[in-house]
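Student: Please take a close look at the contact surfaces in this model. I would like the cut-offs stated along with the values.

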Amino acid sequence: MSLEQPRPELDVGETPDGEVDYDELAELLGEYVLDRESHVNAEGFVIRPDDVVAVLDILKRDAGFDNLSCVTAQEYYDRYESIYHLKKYDDPTQELSVVVPTLRDEPVSQSAASVFDTANWHEREAYDLVGIEYEDHPDLRRILLPDTWQGHPLSLDYNQDQPQIVALREHADPMEHRSEVPDEQDTMFINIGPHHPATHGVLHLRTVLDGEQVIDVDPDLGYLHRCEEQMCQQSTYRHQIMPYPDRWDYISAGILNEWAYARAAESLADIDVPEYAQIIRTMSAEMCRIASHLLAVGTFALDIYGDFTAIFMYAITDREKVENLLEDLTGQRLMFNYLRLRGVAWDLPEPREEYFEKVREFCTYVPERLEEYHNLLSANELFQMRVIDTGILPPEVAKAYGCTGPVARGSGIDYDIRRDDPYGYYDELEWDVITDDGCDNFSRAFVRLEEIRQSARIIEQCVDLLEEWPEDEREIQSNVPRTLKPDADSEVYRTVEAAKGELGIYIRADGTDKPARFKIRSPAFCNLQSLEVMAEGEYVPDMVAALGSLDIVLGEVDR
Amino acid sequence: MSKETQLHDTLEQAQSTQDARMGPGVDDRFNSKLRQAFGASPFILTKFDAFMNWVRGNSMFILLFGIACCSIEMMHTYAAKHDLDRFGAGVPRASPRQADVIIVPGTIVSKFGPRMQRVYDQMPEPKFVVSMGSCTISGGPFQEGYNVVKGVEEIIPVDIHVPGCPPRPEALVYGVLKLQEQIQAGESAPVTVKPYELEQFGDLERDELVQELASEIDEDDLVMRYNWAESP
Ligand code: SF4
């Protein structure tokens, strides 16, 4: 198909009722497809390592797979494998995995960075942790671990007890690092972070400035790389993994993250969740979203106005209110560990009426409060002057970088997993997906503010449902075997809409009670990649604003 | 009612002490409970060290330092509801050169360890460290991670440990109060670095000493050894 042809209504390989026709896709790819695997979420096409660009290009151009959601790398006893999880922004239920095996003694595979910009960092991570090398990659170096690290920690023969011995001269002084700036220009290299209040954690930005303007920014990650994937791989499905998701996106988004794991593991092991538990999940997850967005808004205001001003304090005060509700429900303020595979840990707190009343009160309080936030932020001229038309992220670029969540919706991309690939109880409830096509810092902040309103709406409806639920049908957990051992070699990749965007989990089971590979697709990691586009050419304070509007959380970026 | 009288009494009393002290015609704006307590002779006799410790404990400038999940609870501790400032310890300073307490709120990994040490080194003496959360005690939930430092004490000395994952704001407040007590009691004297390794060169002049030491270093062999797997 040539590029000039108008695109048909349906993509190649799409059936009229919105399913993927894998046979037609295989036909489209012809002899590129060596073999077909079936994963729980989609089919996987096995291809040769030197056909990656060609295959992904066809799939992107002709079959409409415009979202490279994740790249998973793993090592088997006989081979390395990279899996490209493809989706469509129009319909994320249409998925396809492209599986690229490479030899064990020569793990070289073609890089997909020329087709999808987002592949850049994903492949760097795969190289860093697993050790696959990507040919023609624009910038293949370690991303999470220090440059001097020896070995690839998620490869099979890695010995963790081996001390890392680094000659001092290799461990360069951070201030001397990387100042390869063209000589003729009058530029300055400056490190922002890793200890800096504006970086929202331990992010390090290597920036090259021309006067006050940013000409180059290179985020340096890994200052909070806590081996989350390793931790999950050595924990059991039933109970041990669940506390970790709370600590990925730790801005009170715990239940949203737990749900990501629950969703992946439940569809891997084919576990049903009672409807009643789904409603509780939906309600508590939205509370988490409110808490998370409040902090995002508060710290964004902090970045813009530059001091611990009213908005930050208001946001924290309101967060205390949500956290009290969550604490009543789960017993913890931040690390809830409330979901279980098969349901939730326990029922609503007694007396129920009192709890419902508190939640209701909060839900009516939120819209009033939002007026205040809008007065202080979006209707404030000082704020507008700082954020309107800065940090522009056009929708095509956002898609190329795999941006999701409020970042994508602030660029006018109508994409929300809760609606497009429904889980929990979302499809039964009345709420709207908020988008704004300003594509700037303002839009992203605005989208978050309005999402708080929608979340309150969802919570209110959940409370109505829960209140009327007959007493003898309040089933919070379904039955599952004591030790959960999903079938060997079953693979699943599932995503949910977390606070920052699409949070995906890939699990491969090997027949034991622990996953053989556990990969986290972090929304903040993908969103952060677009900082370069948003910041270059802008002034330094606008870069800080852009970073704040991305609302990254380093626990999730570095994992 | 009784309170008012009390206040009134106090004022009156104060007035009288003041009059006794200064006589008529002097500006009467300076008046306080403290004055009253001092009576006619506004002097305190104390040991300088005790005074300094008291001052130090009551005006702690904490470094604005966020690492991981615990820093969210730390922010809540600073902010409206818990308001650490009530205890004379809540002004976060963004620059380490203006801070004398560092709360370490989160997991330290190999890449961040040296940076944290650098920040710590930049703080002026005397300085105090509060480690917040299990991660800073032992590595916490991530203890077995290949990249995780098993507690801040591997890198910098710690005065107060606040356990929890994350500790509640109340717990952090308690920890900070304990630190204040400790400082006020003078238990943490300013750190004096005793270069005991250098004693063998005791008879050398300073410059010669540096020369001498520098010649002992073989630059090619200098290594940093990250061996956190073996640490307790
Ligand atoms: S102690 Fe717990 S809450 Fe604190 S940083 Fe560690 S994992 Fe996070």
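Tutor: A polar contact here is a pair of N or O atoms within 3.5 Å; within protein, one of them must be able to donate a hydrogen and the other to accept it, and residues adjacent in sequence count only if both atoms are side-chain atoms. The model is predicted, so local features need pLDDT of at least 70 and side-chain atom pairs count only at pLDDT 80 or more, while totals for chains, interfaces and linings use all residues. Residues are numbered from 1 along each chain as its sequence is written, chains are lettered from A and ligands numbered from 1 in the order in which they are written, and side-chain values use heavy atoms, with hydrogens and water left out.

Between chain A and chain B, the rule finds 15 residue pairs in polar contact, both residues at pLDDT 80 or more. On the side of chain A that touches chain B, the elements giving two or more residues are β8 (164-167), α4 (228-233), α6 (275-305) and α7 (310-330) of chain A; helices (H or I, at least four residues) and strands (E, at least two) are DSSP runs numbered from the N terminus. The most comes from α7(A), with 9 residues. By class, this side of chain A has 34 nonpolar, 13 polar and 12 charged residues. Ala, Val, Leu, Ile, Met, Phe, Trp, Tyr, Cys and Pro count as nonpolar, Asp, Glu, Lys and Arg as charged, and the others, Gly among them, as polar.

The contact (heavy atoms within 4.5 Å) takes 59 residues from chain A and 46 residues from chain B. About 4700 Å² is buried between the two chains, 63% of it on carbon and sulfur atoms; buried area is the accessible area (1.4 Å probe) that two parts lose on being put together, summed over both. The rule also finds 4 salt bridges across this interface, a salt bridge being a side-chain nitrogen of Lys or Arg within 4 Å of a carboxyl oxygen of Asp or Glu. K81(B) and E320(A) form a salt bridge at 3.8 Å, N to O.

The chain is divided into domain 1 (11-176) and domain 2 (228-558), with bounds from an automatic or database domain assignment. The C-alpha centres of these domains lie 26 Å apart. In contact are 36 residues of domain 1 of chain A and 34 residues of domain 2 of chain A. The two domains bury about 3000 Å² between them, of which carbon and sulfur atoms give 54%. Of the area that domain 1 buries against domain 2, V40(A), Y89(A) and W121(A) supply 23%, more than any other three residues.

For polar terms, the domain interface has 3 salt bridges and 19 residue pairs in polar contact, both at pLDDT 80 or more. On the side of domain 1 that touches domain 2, β3 (67-75), β4 (79-87) and α3 (119-129) of chain A each supply at least two residues. The largest share, 8 residues, comes from β3(A). By class, that side of domain 1 has 15 nonpolar, 12 polar and 9 charged residues. R494(A) and E95(A) meet in a salt bridge through their side chains, at 4.0 Å, N to O.
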